[in-house]
Amino acid sequence: MKKKVKVIKKLEEKVVLKKSVFESYMIKSDKSININVEIKKVGISTIYNLEVPKIDTATTVLLEDVRNELISATTVGMREIVDPNAVDTIRKKFVKEAEELLERKIPTLAKETKEILVNKLMQDMLGLGEIEFLVNDSNLEEIVIPSSKEPIMVFHKKYGWLPTNFAIGREDEIINYSNIIARRVGRQITVLSPLLDAHLVSGDRVNAVLYPISTKGNTITIRRFARDPYTIIDLIENKTCDLNVATLLWLAVEYEMNVIISGGTASGKTVLLNACMPFISTNHRIISVEDTRELMLPEFLYWTPLVTRSANPEGKGAISMLDLLVNSLRMRPDRIVLGEMRRKEEAMVLFEAMHTGHSVYATMHANSAAETISRLINPPLSVPPNLLNAVNLNVVMFRDRRKGIRRVFQVAEFNANGDRAEANLLYRWIPENDSIIKHSENSKFFEDISKNTGMTQEELEKNLEEKKYIITWLIKNNIRSLKDFGRVISHYYSNKDNLLKEIRQNNVKMFKEEN
């Protein structure tokens, strides 16, 4: 028996010692410092290993000294701290003065070492310490600090949840990071208000929960958004949607139809909504209403983002989604975008906006078109079924967790009659061959567009073919970035004939930004 135990222990030791690297890549930190990342097997676990520059005790003391001098020598007003546009200015100011201080203290300091030390100072003073390295990794979707007792966890696009090779040492550090994030968006997190929904300057969404509500310890979850957002070209190429669905959505957005995007958690609702926004004409005013900033619309659009605000510890100053929705109707919007429909009051205001001629886009949780109707007409939303005729398209998103893919599951229209409403499927996803097929002819979508525009069925079909031609050309020439895609759509609305002429001549340079 003892011999067997010894053999098992030796085998376990061999397994633990055995390491294999699945993938290795570099990420860029501030000052263009390259940090190496390894996804590797350690024993029976796969870990995310970040090779952070090591700083010894003496250098740490030096940096602390420089930090104290910077704080005393540099004046930053409260207005600059809470102004997201001033963050870059503050950073540049601190970087310049930090470099001067280091040169004064150590004249022989090498340029590369100086950049690493300045980067470390900026992370600790204006950022979230070593977490900033993770925020800069475009392969990550989520970054979680579970507590000071556990390693930081990340959700990798390719490998799923992975433990990292470092952790936050003390609970008060996690509280400090939570406070930094809260202050920058004009909120606060305390023992009395231990929950925080906010966003980083980079636009990444943050949720924080303090102990004892989080019983293991203080926790922070960062949902990282892509710095280069997906366009509809990307979604076609990765098979999230197909050409027919993309052109149908373009037609719906161009002619100000109302669209609801539904689906489960992390199914890609917001990604698809974001990808549809560049189809809006640049001279239309867009008002978005969200609990926390998730939408990231391109700069060339006329966009006013609004977010809710929680009450202060005295219970005052709360701004609800309903408040913002009602207020948005007074701002002369051409398009209203609702982050997520959750309550009856919000749904009623949104449907009222549809019936008063506003073009509305919203997301909600539902796993099929039939379930979307059920959720809308039953509590807590309780929208009268006859109002559902105002919804021109419902797109349902689906996430296959086993395969790690997201797909347009269904595209439907709503038919409401009295106290009944049903979904007519236009397109549906076939999992057997991973394709989206046409399910049935539409009964009212084209009729609604024809009624609003006076276009005949032949003209609408020609319009769709032109859109398919444009998108196919964009895919062929790899014109997919937000700026390049936006440039094409802008030309489409300003001079469609000229755009088609340039495309026929294959004038790629006119639309593709030079690198």
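Me: Which residues of α11 meet which residues of α12?

Reply: In this predicted model, Met321, Leu322, Leu325 and Val326 of α11 meet Glu345, Glu346, Val349 and Leu350 of α12. By class, that contact has six nonpolar residues, two charged ones and no polar ones.

Me: Why is α11 called roughly parallel to α12?

Reply: The axes of α11 (residues 321-328) and α12 (residues 344-355) cross at roughly 10° and come within 9 Å. Angles under 35 degrees count as roughly parallel, so α11 is roughly parallel to α12. As for handedness, α11 passes α12 in a left-handed crossing.

Me: Staying in α11, why is Ser328 called buried?

Reply: Ser328, which sits in helix α11, has a relative accessibility of 0%. Buried means under 20%, so Ser328 counts as buried. Leaving aside residues up to four places away in sequence, Ser328 touches Ile287, Pro333 and Ile336.

Me: And α12, what does it pack on?

Reply: Let me start with the sheet. Nine strands form an open sheet in the order β12-β11-β13-β14-β10-β15-β16-β17-β18, and the pairing is mixed. On average, neighbouring strands here are turned by 25° against each other, direction ignored. Helix α12 packs on this sheet, touching β10, β13 (335-338) and β14, and its direction makes about 150° with that of β14.

Me: What makes β12 and β18 edge strands?

Reply: Each of them, β12 (302-307) and β18 (435-438), has a single partner strand, so one side of each is left without a neighbour in the sheet.

Me: How do you know that β10 and β14 pair?

Reply: Pairing needs at least two bridges, and five bridges join β10 (residues 259-263) to β14 (residues 359-365), which run parallel. One example is Ile260, whose bridge partner in β14 is Ala362.

Me: What about the pairing of β4 with β9?

Reply: β4 (residues 140-145) and β9 (residues 219-223) pair over four bridges in the antiparallel sense, against a requirement of at least two. Within this pair, Glu142 has Arg223 in β9 as its bridge partner. Both strands belong to an open, antiparallel sheet of six strands ordered β6-β5-β4-β9-β8-β7, whose edge strands are β6 (160-163) and β7 (195-199).

Me: Which helix lies across β4, β7, β8 and β9?

Reply: That is α7 (residues 171-184), running at about 55° to β7.

Terms used: Residues numbered from 1 in each chain as written. Predicted model: local features only at pLDDT ≥ 70, side-chain atom pairs only at ≥ 80, totals over all residues. Heavy atoms only, no water. Axes fitted to C-alpha atoms, helices over the stretch in contact; angles between N-to-C directions. Helix = DSSP H or I, 4+ residues; strand = E, 2+ residues; numbered from the N terminus. Parallel < 35°, antiparallel > 145°, perpendicular 65-115°, else oblique. Left-handed = near helix turned anticlockwise from the far one by under 90°. Contact = heavy atoms within 4.5 Å. Nonpolar A, V, L, I, M, F, W, Y, C, P; charged D, E, K, R; others polar. Buried < 20%, exposed > 50% of the residue type's maximum accessible area, 1.4 Å probe, protein only.
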